[in-house]
Amino acid sequence: MVEISRRRGLGGNSNKQSSSRHRVRRIILIATTITIIAFYILSFRRFLLNPTLLTNSNKNISGPPPKGKTPKQQNPNEPVAVIAHAISLIKCTKGSSVTGFLDAAAILRHSIHKNSIHYKPTTNSTLSPTPPPSRYSYKMYGIVHTTCQDHAKVLERLGYEILVKDHPVKKEDIKGEWLRNHIEAENCCGSAEFIKLYAYHLTNHPIAVHWDMDVAILKPLDDLYDVMIYPSTHPINMAARERIERQHPEKVWPETVDAFLTRDITSAKPWEKVTAVQGGFLVARPDTDVFDAYIDFIKEGNYKGGRGEGSGWAGLGYGGFQGAMAYQGVVAYFYDRLKPNTAVELNVCRWNQVAADVIWRGPERADEHKLQCREYPQTTLANGKPDYASNTICEDCRNTPIEKVRTAHYTACKKPWECTMAHPRVPRDKKQSYRLENLVNVTYCMNLVREWFELRREFESALEVASNGQVKPSPRTGTYEDQYFLGYCRRSGGYNAIEPLPDNFDIKSIYGM
(Lines give C-alpha, C1' and ligand atoms only; values in the text may rest on other atoms or scores of the structure.)
Protein backbone atom coordinates (compact mmCIF):
# COMPACT_ATOMS: atom_id res chain seq x y z
CA MET A 1 0.00 0.00 0.00
CA VAL A 2 2.73 2.33 0.85
CA GLU A 3 4.55 1.67 -2.36
CA ILE A 4 1.42 2.13 -4.45
CA SER A 5 0.57 5.37 -2.74
CA ARG A 6 4.14 6.64 -3.30
CA ARG A 7 4.01 5.76 -6.98
CA ARG A 8 0.71 7.59 -7.30
CA GLY A 9 2.29 10.58 -5.67
CA LEU A 10 5.16 10.53 -8.14
CA GLY A 11 2.70 10.19 -11.01
CA GLY A 12 0.75 13.24 -9.83
CA ASN A 13 3.85 15.49 -9.67
CA SER A 14 4.93 14.41 -13.17
CA ASN A 15 1.56 15.41 -14.66
CA LYS A 16 1.76 18.81 -13.03
CA GLN A 17 5.31 19.38 -14.40
CA SER A 18 4.24 18.28 -17.92
CA SER A 19 1.29 20.64 -17.87
CA SER A 20 3.53 23.48 -16.75
CA ARG A 21 5.99 22.78 -19.60
CA HIS A 22 3.12 22.87 -22.14
CA ARG A 23 1.96 26.21 -20.82
CA VAL A 24 5.50 27.64 -21.12
CA ARG A 25 5.79 26.36 -24.67
CA ARG A 26 2.45 27.91 -25.59
CA ILE A 27 3.48 31.24 -24.09
CA ILE A 28 6.78 31.19 -26.00
CA LEU A 29 5.01 30.24 -29.24
CA ILE A 30 2.42 33.01 -28.81
CA ALA A 31 5.13 35.58 -28.00
CA THR A 32 7.19 34.51 -31.02
CA THR A 33 4.15 34.73 -33.30
CA ILE A 34 3.29 38.21 -31.99
CA THR A 35 6.90 39.34 -32.53
CA ILE A 36 6.96 38.09 -36.12
CA ILE A 37 3.61 39.71 -36.92
CA ALA A 38 4.76 42.99 -35.33
CA PHE A 39 8.00 42.90 -37.38
CA TYR A 40 6.12 42.51 -40.65
CA ILE A 41 3.61 45.23 -39.74
CA LEU A 42 6.38 47.67 -38.83
CA SER A 43 8.35 46.78 -41.96
CA PHE A 44 5.33 47.29 -44.19
CA ARG A 45 4.59 50.61 -42.50
CA ARG A 46 8.20 51.69 -43.05
CA PHE A 47 7.89 51.01 -46.79
CA LEU A 48 4.63 52.92 -46.95
CA LEU A 49 6.17 55.93 -45.25
CA ASN A 50 9.40 55.78 -47.24
CA PRO A 51 8.83 54.48 -50.78
CA THR A 52 12.44 55.20 -51.72
CA LEU A 53 13.39 51.99 -49.88
CA LEU A 54 11.74 50.04 -52.66
CA THR A 55 14.57 50.99 -55.03
CA ASN A 56 17.48 49.92 -52.84
CA SER A 57 18.14 46.91 -55.03
CA ASN A 58 18.37 49.01 -58.19
CA LYS A 59 22.09 49.34 -58.78
CA ASN A 60 21.81 50.83 -62.28
CA ILE A 61 22.20 54.51 -61.47
CA SER A 62 22.65 55.45 -65.13
CA GLY A 63 19.18 54.49 -66.27
CA PRO A 64 15.87 55.92 -65.10
CA PRO A 65 14.28 54.38 -61.99
CA PRO A 66 11.27 52.10 -62.54
CA LYS A 67 8.17 54.11 -63.38
CA GLY A 68 6.51 55.44 -60.27
CA LYS A 69 9.52 54.71 -58.07
CA THR A 70 11.74 57.25 -56.36
CA PRO A 71 15.52 57.07 -56.71
CA LYS A 72 17.48 56.63 -53.52
CA GLN A 73 20.88 58.11 -52.92
CA GLN A 74 22.68 55.32 -51.03
CA ASN A 75 25.05 57.74 -49.33
CA PRO A 76 26.41 61.23 -50.01
CA ASN A 77 29.28 59.77 -52.03
CA GLU A 78 26.99 57.95 -54.48
CA PRO A 79 25.15 59.85 -57.21
CA VAL A 80 21.38 59.93 -57.53
CA ALA A 81 21.81 59.25 -61.26
CA VAL A 82 24.21 59.63 -64.16
CA ILE A 83 23.19 62.42 -66.52
CA ALA A 84 24.08 62.27 -70.22
CA HIS A 85 25.71 65.44 -71.58
CA ALA A 86 25.92 65.55 -75.37
CA ILE A 87 27.41 67.85 -77.98
CA SER A 88 27.17 67.64 -81.76
CA LEU A 89 30.03 68.17 -84.18
CA ILE A 90 28.23 68.94 -87.43
CA LYS A 91 30.46 71.05 -89.70
CA CYS A 92 34.22 70.75 -89.90
CA THR A 93 35.26 72.84 -92.87
CA LYS A 94 37.31 75.61 -91.26
CA GLY A 95 40.47 74.48 -89.51
CA SER A 96 40.74 77.44 -87.13
CA SER A 97 37.08 77.14 -86.18
CA VAL A 98 37.52 73.43 -85.45
CA THR A 99 40.53 74.15 -83.23
CA GLY A 100 38.49 76.61 -81.18
CA PHE A 101 35.55 74.27 -80.88
CA LEU A 102 37.76 71.40 -79.73
CA ASP A 103 39.13 73.66 -76.99
CA ALA A 104 35.50 74.50 -76.23
CA ALA A 105 34.71 70.78 -75.84
CA ALA A 106 37.48 70.51 -73.24
CA ILE A 107 36.26 73.53 -71.26
CA LEU A 108 32.62 72.45 -71.46
CA ARG A 109 33.52 69.04 -70.03
CA HIS A 110 35.60 70.69 -67.29
CA SER A 111 32.71 72.99 -66.33
CA ILE A 112 30.32 70.01 -66.19
CA HIS A 113 32.76 68.08 -64.00
CA LYS A 114 33.18 71.08 -61.71
CA ASN A 115 29.42 71.08 -61.15
CA SER A 116 29.08 67.34 -60.53
CA ILE A 117 29.33 65.00 -57.54
CA HIS A 118 32.91 64.14 -58.58
CA TYR A 119 34.33 67.61 -58.02
CA LYS A 120 36.27 67.97 -54.78
CA PRO A 121 36.40 71.63 -53.80
CA THR A 122 39.57 72.74 -52.07
CA THR A 123 39.17 74.33 -48.69
CA ASN A 124 41.46 75.85 -46.09
CA SER A 125 39.09 74.88 -43.31
CA THR A 126 40.21 72.37 -40.71
CA LEU A 127 36.57 71.40 -40.17
CA SER A 128 34.62 68.90 -42.28
CA PRO A 129 35.45 68.99 -45.99
CA THR A 130 33.29 71.04 -48.33
CA PRO A 131 30.66 68.78 -49.94
CA PRO A 132 30.61 68.41 -53.73
CA PRO A 133 28.44 70.97 -55.52
CA SER A 134 26.05 68.35 -56.96
CA ARG A 135 24.41 65.01 -56.18
CA TYR A 136 24.60 63.85 -59.79
CA SER A 137 27.23 62.15 -61.91
CA TYR A 138 27.67 62.62 -65.65
CA LYS A 139 28.82 61.00 -68.88
CA MET A 140 29.96 62.86 -71.98
CA TYR A 141 28.82 62.04 -75.52
CA GLY A 142 29.94 63.43 -78.85
CA ILE A 143 27.41 63.09 -81.67
CA VAL A 144 29.73 63.40 -84.65
CA HIS A 145 28.53 63.87 -88.20
CA THR A 146 30.05 61.46 -90.70
CA THR A 147 31.90 64.39 -92.33
CA CYS A 148 33.65 65.14 -89.01
CA GLN A 149 34.88 61.64 -88.12
CA ASP A 150 38.52 62.73 -88.32
CA HIS A 151 38.00 64.84 -85.19
CA ALA A 152 36.37 62.09 -83.15
CA LYS A 153 39.72 60.91 -81.74
CA VAL A 154 40.33 64.26 -80.04
CA LEU A 155 36.92 64.17 -78.40
CA GLU A 156 37.58 60.60 -77.24
CA ARG A 157 40.76 61.75 -75.50
CA LEU A 158 38.68 64.34 -73.68
CA GLY A 159 36.43 61.58 -72.33
CA TYR A 160 33.55 61.77 -74.83
CA GLU A 161 31.88 58.58 -76.04
CA ILE A 162 31.55 59.00 -79.80
CA LEU A 163 28.37 58.36 -81.78
CA VAL A 164 29.03 58.81 -85.51
CA LYS A 165 25.78 59.73 -87.26
CA ASP A 166 24.56 60.77 -90.67
CA HIS A 167 21.49 62.98 -91.19
CA PRO A 168 18.48 61.19 -89.68
CA VAL A 169 16.44 63.02 -92.35
CA LYS A 170 17.87 63.89 -95.74
CA LYS A 171 16.47 66.36 -98.19
CA GLU A 172 15.22 63.66 -100.53
CA ASP A 173 13.28 62.03 -97.65
CA ILE A 174 11.05 65.10 -97.20
CA LYS A 175 7.61 64.96 -98.84
CA GLY A 176 6.76 68.66 -98.54
CA GLU A 177 8.10 70.48 -101.60
CA TRP A 178 8.78 73.85 -99.98
CA LEU A 179 10.77 72.40 -97.09
CA ARG A 180 12.60 69.95 -99.36
CA ASN A 181 13.71 72.81 -101.63
CA HIS A 182 14.80 75.20 -98.88
CA ILE A 183 16.02 73.29 -95.83
CA GLU A 184 19.68 73.10 -96.83
CA ALA A 185 19.81 76.90 -96.81
CA GLU A 186 18.79 77.02 -93.14
CA ASN A 187 21.32 78.48 -90.72
CA CYS A 188 23.71 76.91 -89.71
CA CYS A 189 23.73 73.43 -91.03
CA GLY A 190 20.55 72.62 -92.88
CA SER A 191 19.23 69.10 -92.39
CA ALA A 192 22.56 67.97 -90.88
CA GLU A 193 21.59 69.77 -87.66
CA PHE A 194 18.98 67.10 -87.00
CA ILE A 195 21.75 64.84 -85.67
CA LYS A 196 21.24 66.73 -82.40
CA LEU A 197 18.01 64.75 -82.02
CA TYR A 198 20.06 61.60 -81.40
CA ALA A 199 20.37 62.81 -77.81
CA TYR A 200 16.90 61.26 -77.39
CA HIS A 201 18.54 57.88 -78.07
CA LEU A 202 20.60 58.03 -74.84
CA THR A 203 18.03 55.93 -73.00
CA ASN A 204 20.57 54.42 -70.60
CA HIS A 205 20.23 57.72 -68.75
CA PRO A 206 17.18 59.31 -67.12
CA ILE A 207 18.07 62.72 -68.55
CA ALA A 208 20.10 63.96 -71.52
CA VAL A 209 21.34 67.53 -71.85
CA HIS A 210 22.31 68.68 -75.32
CA TRP A 211 24.69 71.63 -75.45
CA ASP A 212 26.25 73.80 -78.07
CA MET A 213 29.99 73.76 -77.45
CA ASP A 214 30.29 77.52 -76.90
CA VAL A 215 28.83 77.11 -73.42
CA ALA A 216 30.11 77.11 -69.85
CA ILE A 217 28.23 75.74 -66.84
CA LEU A 218 28.66 78.09 -63.89
CA LYS A 219 26.34 76.45 -61.35
CA PRO A 220 24.92 72.92 -60.80
CA LEU A 221 21.73 71.90 -62.60
CA ASP A 222 20.47 69.67 -59.77
CA ASP A 223 17.14 71.48 -59.46
CA LEU A 224 16.25 70.62 -63.05
CA TYR A 225 17.25 66.99 -62.58
CA ASP A 226 15.33 66.71 -59.29
CA VAL A 227 12.10 67.88 -60.93
CA MET A 228 12.44 65.35 -63.75
CA ILE A 229 13.53 62.37 -61.62
CA TYR A 230 11.49 62.60 -58.42
CA PRO A 231 7.66 62.35 -58.35
CA SER A 232 5.88 65.71 -58.32
CA THR A 233 4.73 65.19 -54.72
CA HIS A 234 8.19 64.31 -53.40
CA PRO A 235 9.68 66.99 -51.10
CA ILE A 236 12.89 67.14 -53.16
CA ASN A 237 10.92 67.81 -56.35
CA MET A 238 8.68 70.39 -54.66
CA ALA A 239 11.63 72.28 -53.16
CA ALA A 240 13.42 72.34 -56.54
CA ARG A 241 10.34 73.81 -58.25
CA GLU A 242 10.37 76.67 -55.78
CA ARG A 243 14.00 77.52 -56.61
CA ILE A 244 13.94 77.25 -60.41
CA GLU A 245 13.83 80.60 -62.20
CA ARG A 246 11.20 80.27 -64.94
CA GLN A 247 10.49 82.70 -67.74
CA HIS A 248 6.82 82.70 -66.72
CA PRO A 249 6.59 81.96 -62.99
CA GLU A 250 2.86 82.71 -63.06
CA LYS A 251 2.17 79.58 -65.11
CA VAL A 252 1.08 76.33 -63.49
CA TRP A 253 3.78 73.66 -63.41
CA PRO A 254 3.15 70.47 -65.41
CA GLU A 255 2.76 67.47 -63.13
CA THR A 256 5.46 65.66 -65.12
CA VAL A 257 8.26 67.61 -66.77
CA ASP A 258 9.87 65.99 -69.81
CA ALA A 259 12.04 68.91 -70.87
CA PHE A 260 13.52 72.26 -69.87
CA LEU A 261 14.37 74.80 -72.55
CA THR A 262 14.89 78.50 -73.25
CA ARG A 263 13.53 80.65 -76.07
CA ASP A 264 15.44 82.81 -78.53
CA ILE A 265 13.85 85.99 -77.23
CA THR A 266 16.67 88.20 -78.50
CA SER A 267 15.53 87.35 -82.05
CA ALA A 268 11.80 87.62 -81.37
CA LYS A 269 9.33 90.30 -82.41
CA PRO A 270 6.71 91.57 -79.93
CA TRP A 271 3.77 90.97 -82.25
CA GLU A 272 4.64 87.34 -83.07
CA LYS A 273 3.07 84.68 -80.84
CA VAL A 274 5.67 82.00 -81.66
CA THR A 275 9.29 82.21 -80.50
CA ALA A 276 12.03 79.80 -81.47
CA VAL A 277 13.73 77.55 -78.96
CA GLN A 278 17.32 78.63 -78.33
CA GLY A 279 19.16 75.67 -79.78
CA GLY A 280 22.23 75.73 -77.55
CA PHE A 281 20.54 74.12 -74.54
CA LEU A 282 17.93 71.39 -74.11
CA VAL A 283 17.36 69.21 -71.04
CA ALA A 284 15.16 66.29 -72.10
CA ARG A 285 13.99 62.84 -71.13
CA PRO A 286 15.53 60.35 -73.61
CA ASP A 287 12.91 58.38 -75.51
CA THR A 288 13.24 56.71 -78.91
CA ASP A 289 9.51 57.17 -79.49
CA VAL A 290 9.99 60.91 -79.16
CA PHE A 291 12.87 60.74 -81.64
CA ASP A 292 10.65 58.84 -84.08
CA ALA A 293 7.87 61.43 -83.68
CA TYR A 294 10.28 64.21 -84.66
CA ILE A 295 11.49 62.27 -87.70
CA ASP A 296 7.93 61.50 -88.83
CA PHE A 297 6.75 65.11 -88.93
CA ILE A 298 10.01 66.37 -90.44
CA LYS A 299 9.76 63.82 -93.26
CA GLU A 300 6.12 64.76 -93.80
CA GLY A 301 7.41 68.29 -94.45
CA ASN A 302 4.19 70.15 -93.68
CA TYR A 303 5.94 73.52 -93.71
CA LYS A 304 4.89 76.82 -95.27
CA GLY A 305 7.31 79.56 -96.27
CA GLY A 306 7.35 83.05 -94.77
CA ARG A 307 7.35 84.37 -91.24
CA GLY A 308 4.61 84.96 -88.70
CA GLU A 309 1.03 83.69 -88.73
CA GLY A 310 0.33 81.03 -91.34
CA SER A 311 4.01 80.17 -91.80
CA GLY A 312 6.29 77.36 -90.74
CA TRP A 313 5.42 73.94 -89.32
CA ALA A 314 1.76 73.08 -90.01
CA GLY A 315 1.26 76.77 -90.91
CA LEU A 316 1.08 77.63 -87.19
CA GLY A 317 3.64 80.45 -87.10
CA TYR A 318 6.80 78.38 -86.65
CA GLY A 319 8.52 79.89 -89.68
CA GLY A 320 10.92 82.60 -90.76
CA PHE A 321 13.02 82.96 -87.61
CA GLN A 322 16.59 81.70 -87.40
CA GLY A 323 16.66 77.90 -87.38
CA ALA A 324 12.91 77.61 -88.03
CA MET A 325 13.24 74.81 -90.57
CA ALA A 326 15.83 72.99 -88.45
CA TYR A 327 16.45 72.33 -84.75
CA GLN A 328 15.20 75.61 -83.22
CA GLY A 329 11.90 75.33 -85.05
CA VAL A 330 11.20 71.62 -84.69
CA VAL A 331 11.86 71.56 -80.92
CA ALA A 332 9.55 74.56 -80.39
CA TYR A 333 6.82 72.99 -82.53
CA PHE A 334 7.16 69.59 -80.86
CA TYR A 335 6.81 70.79 -77.25
CA ASP A 336 4.25 73.49 -78.05
CA ARG A 337 1.97 71.47 -80.31
CA LEU A 338 2.71 67.74 -80.31
CA LYS A 339 3.55 67.31 -76.64
CA PRO A 340 2.10 70.38 -74.90
CA ASN A 341 2.37 71.03 -71.18
CA THR A 342 5.39 68.77 -70.74
CA ALA A 343 8.23 71.31 -71.17
CA VAL A 344 9.13 74.24 -68.92
CA GLU A 345 10.58 77.47 -70.27
CA LEU A 346 13.43 78.77 -68.11
CA ASN A 347 14.46 82.35 -67.41
CA VAL A 348 16.56 83.29 -70.40
CA CYS A 349 18.80 85.62 -68.37
CA ARG A 350 19.81 82.88 -65.90
CA TRP A 351 19.80 79.72 -68.00
CA ASN A 352 21.55 79.62 -71.37
CA GLN A 353 22.40 83.29 -70.87
CA VAL A 354 23.44 84.94 -74.14
CA ALA A 355 23.43 88.40 -72.49
CA ALA A 356 21.76 90.16 -75.40
CA ASP A 357 19.14 92.91 -75.60
CA VAL A 358 15.53 91.75 -75.12
CA ILE A 359 13.95 95.13 -75.98
CA TRP A 360 12.44 95.88 -79.40
CA ARG A 361 14.15 98.95 -80.88
CA GLY A 362 12.86 98.82 -84.45
CA PRO A 363 13.08 99.80 -87.18
CA GLU A 364 10.18 97.52 -88.13
CA ARG A 365 6.89 98.69 -86.55
CA ALA A 366 8.79 101.12 -84.35
CA ASP A 367 5.75 103.41 -84.04
CA GLU A 368 3.72 100.61 -82.46
CA HIS A 369 6.27 98.58 -80.52
CA LYS A 370 9.47 100.53 -79.91
CA LEU A 371 10.93 99.86 -76.41
CA GLN A 372 8.49 97.03 -75.72
CA CYS A 373 9.76 93.64 -74.60
CA ARG A 374 10.58 91.42 -77.57
CA GLU A 375 8.56 88.62 -76.04
CA TYR A 376 4.89 88.44 -77.00
CA PRO A 377 2.64 89.93 -74.24
CA GLN A 378 1.48 87.45 -71.63
CA THR A 379 -1.58 89.52 -70.64
CA THR A 380 -4.60 90.59 -72.64
CA LEU A 381 -7.03 93.50 -72.64
CA ALA A 382 -10.73 93.20 -71.83
CA ASN A 383 -11.43 92.72 -75.54
CA GLY A 384 -9.03 89.76 -75.69
CA LYS A 385 -6.31 91.55 -77.65
CA PRO A 386 -2.68 91.47 -76.46
CA ASP A 387 -1.77 94.17 -73.92
CA TYR A 388 1.18 95.72 -75.74
CA ALA A 389 1.14 98.91 -73.67
CA SER A 390 2.02 97.01 -70.48
CA ASN A 391 4.62 94.84 -72.24
CA THR A 392 7.53 97.04 -71.20
CA ILE A 393 8.89 95.37 -68.06
CA CYS A 394 11.39 92.58 -68.69
CA GLU A 395 14.68 91.66 -67.09
CA ASP A 396 17.65 93.19 -68.88
CA CYS A 397 19.87 90.19 -69.59
CA ARG A 398 22.75 92.52 -70.44
CA ASN A 399 23.10 93.32 -66.74
CA THR A 400 21.98 90.19 -64.86
CA PRO A 401 24.56 89.66 -62.06
CA ILE A 402 26.94 86.91 -63.13
CA GLU A 403 26.61 85.21 -59.75
CA LYS A 404 22.96 84.52 -60.69
CA VAL A 405 23.79 82.99 -64.08
CA ARG A 406 23.56 79.19 -64.27
CA THR A 407 24.93 78.61 -67.75
CA ALA A 408 26.56 81.03 -70.21
CA HIS A 409 26.21 80.75 -73.98
CA TYR A 410 28.79 82.71 -75.96
CA THR A 411 26.91 84.01 -79.00
CA ALA A 412 26.19 87.74 -78.73
CA CYS A 413 29.22 88.08 -76.42
CA LYS A 414 31.44 86.41 -79.06
CA LYS A 415 33.20 83.09 -78.74
CA PRO A 416 36.10 83.31 -76.26
CA TRP A 417 38.64 81.67 -78.58
CA GLU A 418 37.98 84.33 -81.24
CA CYS A 419 39.84 86.79 -78.99
CA THR A 420 37.45 89.56 -80.00
CA MET A 421 35.89 92.27 -77.89
CA ALA A 422 32.12 92.04 -77.85
CA HIS A 423 31.50 95.21 -79.84
CA PRO A 424 28.43 94.81 -82.08
CA ARG A 425 29.14 94.40 -85.75
CA VAL A 426 28.47 97.22 -88.17
CA PRO A 427 25.28 96.26 -90.03
CA ARG A 428 25.00 96.40 -93.80
CA ASP A 429 21.51 97.80 -93.34
CA LYS A 430 22.08 101.13 -91.59
CA LYS A 431 18.51 101.05 -90.29
CA GLN A 432 19.67 98.29 -87.95
CA SER A 433 22.38 100.45 -86.32
CA TYR A 434 20.25 101.59 -83.41
CA ARG A 435 19.23 98.03 -82.60
CA LEU A 436 22.73 96.58 -82.84
CA GLU A 437 24.50 99.29 -80.91
CA ASN A 438 22.35 98.30 -77.93
CA LEU A 439 22.75 94.57 -78.48
CA VAL A 440 25.15 93.93 -75.56
CA ASN A 441 26.82 95.54 -72.57
CA VAL A 442 30.45 95.12 -73.66
CA THR A 443 31.91 95.18 -70.14
CA TYR A 444 29.39 92.63 -68.90
CA CYS A 445 30.05 90.39 -71.89
CA MET A 446 33.78 90.49 -71.35
CA ASN A 447 33.41 89.58 -67.68
CA LEU A 448 31.35 86.58 -68.83
CA VAL A 449 34.13 85.70 -71.28
CA ARG A 450 36.62 85.90 -68.41
CA GLU A 451 34.65 83.12 -66.67
CA TRP A 452 35.43 80.83 -69.62
CA PHE A 453 39.13 81.64 -69.50
CA GLU A 454 39.19 81.03 -65.73
CA LEU A 455 37.85 77.55 -66.45
CA ARG A 456 40.50 77.10 -69.12
CA ARG A 457 43.25 78.08 -66.68
CA GLU A 458 41.96 75.52 -64.16
CA PHE A 459 41.80 72.81 -66.83
CA GLU A 460 45.36 73.42 -68.04
CA SER A 461 46.71 73.44 -64.49
CA ALA A 462 45.01 70.10 -63.81
CA LEU A 463 46.30 68.80 -67.14
CA GLU A 464 49.90 69.67 -66.28
CA VAL A 465 49.68 67.97 -62.88
CA ALA A 466 47.97 64.84 -64.26
CA SER A 467 50.53 64.47 -67.06
CA ASN A 468 53.47 64.90 -64.65
CA GLY A 469 54.49 68.00 -66.51
CA GLN A 470 54.35 66.33 -69.93
CA VAL A 471 51.63 68.75 -71.11
CA LYS A 472 52.52 72.34 -70.36
CA PRO A 473 49.94 75.12 -70.23
CA SER A 474 49.90 77.35 -73.29
CA PRO A 475 51.85 80.59 -72.89
CA ARG A 476 49.89 83.32 -71.16
CA THR A 477 52.03 86.12 -72.45
CA GLY A 478 49.40 87.80 -74.59
CA THR A 479 48.74 91.41 -73.63
CA TYR A 480 45.59 91.91 -75.69
CA GLU A 481 42.82 92.83 -73.21
CA ASP A 482 44.46 90.46 -70.73
CA GLN A 483 42.10 91.54 -67.93
CA TYR A 484 39.49 89.45 -69.78
CA PHE A 485 41.49 86.99 -71.90
CA LEU A 486 44.01 86.25 -69.10
CA GLY A 487 47.00 86.31 -71.44
CA TYR A 488 45.67 83.70 -73.90
CA CYS A 489 45.18 86.23 -76.72
CA ARG A 490 48.12 87.85 -78.51
CA ARG A 491 45.89 90.21 -80.50
CA SER A 492 42.34 90.31 -81.82
CA GLY A 493 41.95 86.88 -83.40
CA GLY A 494 45.32 85.72 -82.07
CA TYR A 495 44.33 82.82 -79.83
CA ASN A 496 46.80 80.48 -78.10
CA ALA A 497 45.12 77.08 -78.28
CA ILE A 498 45.42 74.33 -75.69
CA GLU A 499 48.42 72.11 -76.39
CA PRO A 500 47.51 68.81 -78.12
CA LEU A 501 47.10 65.88 -75.79
CA PRO A 502 49.70 63.09 -76.17
CA ASP A 503 48.46 59.87 -77.78
CA ASN A 504 49.04 57.95 -74.55
CA PHE A 505 47.32 60.48 -72.29
CA ASP A 506 44.28 59.24 -70.35
CA ILE A 507 41.81 61.94 -69.30
CA LYS A 508 40.92 59.75 -66.30
CA SER A 509 44.14 60.95 -64.72
CA ILE A 510 42.44 64.34 -64.31
CA TYR A 511 38.86 63.40 -63.56
CA GLY A 512 39.09 59.80 -62.39
CA MET A 513 36.43 58.81 -64.93
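Is Cys349 buried or exposed? I began my notes on this predicted model with that residue, and I found Cys349 buried, because its relative accessible area is 2%, below the 20% under which a residue counts as buried.

**Entry 1, the whole structure.** I searched the whole structure for disulfides and found 6. When I numbered the bonded cysteines of the chain in sequence order, the pairing came out as 1-2, 3-4, 5-8, 6-7, 9-11, 10-12.

I looked up the partner of Cys349 and found a disulfide to Cys397, with the sulfur atoms 1.9 Å apart. The pair links distant parts of the chain, 48 residues apart, with Cys349 in the loop between strand E10 (343–345) and helix H9 (366–369) and Cys397 in the loop between H9 and strand E11 (407–409). I noted a torsion of about -70° about the S-S bond, so this disulfide is left-handed. Cys397 is buried, with a relative accessible area of 3%.

I next recorded the disulfide that joins Cys413 to Cys445, with an S to S distance of 2.0 Å. Cys413 lies in the loop between E11 and helix H10 (433–437), while Cys445 sits in helix H11 (residues 442–466), 32 residues apart. The link is left-handed, with -65° about the S-S bond, and both Cys413 and Cys445 are buried.

Definitions and conventions: Residues numbered from 1 in each chain as written. Predicted model: local features only at pLDDT ≥ 70, side-chain atom pairs only at ≥ 80, totals over all residues. Heavy atoms only, no water. Disulfide = S-S within 2.5 Å. Helix = DSSP H or I, 4+ residues; strand = E, 2+ residues; numbered from the N terminus. Buried < 20%, exposed > 50% of the residue type's maximum accessible area, 1.4 Å probe, protein only.
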